[in-house]
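Please look over the sequence and the model shown here before reading on.

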Amino acid sequence: MTKNVTNAASTGKRVVGGWHVTTRLGKGGNGEVFRAEKDGVVGAIKLLGQWNRVPGRVARFRDEVQAMRQCADIAGVLPVLDANLEPVAGAQPWFVMRLAHPIEAELGERPSLRRVVEALAALA
């Protein structure tokens, strides 16, 4: 298997496993999350950081994806759409989940406490 992270020379855009990576959505202790698109599907791709320098990091990343897949039928858990969890030939581990919408988009800028509680109760 070849590396699945490339830079498209003509556009300067990053492609990971066929997913066209664009805007960075966030960063945490385990990696970075970007908006990504493949074949008309929009998702959020999480790229595992420092996977080749920190022992056990790939195993924890695999566990994260497995837990998400096991909980896929629970409301509020985003489904895993695609993944490469094995660092074969130097490829960075990654997975793509459905793109979440910010809660502010649903609740508005200054929702009442009642509206927040109702929204959270609907997920419980």
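The briefing below goes from the model as a whole to its strands and then to one helix.

This is a predicted model, in which local features need pLDDT of at least 70 and side-chain atom pairs count only at pLDDT 80 or more, while totals for chains, interfaces and linings use all residues. Residues are numbered from 1 along each chain as its sequence is written, and side-chain values use heavy atoms, with hydrogens and water left out. The chain has 3 helices and 7 strands, where helices (H or I, at least four residues) and strands (E, at least two) are DSSP runs numbered from the N terminus.

**Confidence and overall make-up**

- The mean pLDDT of the chain is 84, and 89% of its residues reach 70 or more, pLDDT being the predictor's confidence in each residue on a scale from 0 to 100.
- Over residues 1-11 the pLDDT stays under 50, and the model has 22 contacts beyond four places in sequence for this stretch, a contact meaning heavy atoms within 4.5 Å.
- Where pLDDT is low, the predicted coordinates should not be read in detail.
- Read from the N terminus, the elements follow the order β-β-β-β-β-α-β-β-α-α.
- Of the 124 residues in the chain, 29% are buried, that is, under 20% relative accessible area with a 1.4 Å probe and protein chains only.
- Among the contacts in the chain with a separation of 6 or more, 41% are accounted for by residues 24 or more positions apart.
- The accessible surface of the chain comes to about 8100 Å², of which 54% belongs to carbon and sulfur atoms, as computed by the Shrake-Rupley method with a 1.4 Å probe.

**Hairpins along the chain**

- Strand 2 (residues 14-16) pairs with strand 3 (residues 19-28) in the antiparallel sense over 3 bridges, pairing being assigned if DSSP finds at least two bridges between two strands.
- These two strands form a hairpin with 2 residues between them, and Gly17 in the turn has a positive phi of about 55°; Val15 has His20 in strand 3 as its bridge partner.
- Strand 3 also pairs with strand 4 (residues 31-38), antiparallel and over 6 bridges, and here too a hairpin is formed with 2 residues between the strands.
- Strand 4 is joined to strand 5 by 8 antiparallel bridges, with Glu37 opposite Val42 in strand 5, and the turn of their hairpin includes Asp39, which has a positive phi of about 50°.

**Strand 7 and its neighbours**

- Strand 7 (residues 94-98) is largely enclosed by the rest of the structure, because 4 of its 5 residues are buried.
- On one pairing, strand 5 (residues 41-48) meets strand 7 in the antiparallel sense over 5 bridges, with Leu47 opposite Trp94 and Lys46 opposite Phe95.
- Strand 6 (residues 80-84) runs antiparallel to strand 7 and is joined to it by 4 bridges, Asp82 having Val96 as its bridge partner.
- Strand 5 is itself mostly covered, with 6 of its 8 residues buried.

**Helix 1**

- The buried residues of helix 1 include Arg57, Val58, Phe61, Val65 and Met68.
- Seen down the axis of helix 1, its buried residues fall within an arc of 105°, so they line one face of the helix, the arc being that of the directions from the helix axis to the C-beta atoms.
- These buried residues of helix 1 pack against strand 5, strand 6 and strand 7.

Definitions and conventions. Buried < 20%, exposed > 50% of the residue type's maximum accessible area, 1.4 Å probe, protein only.
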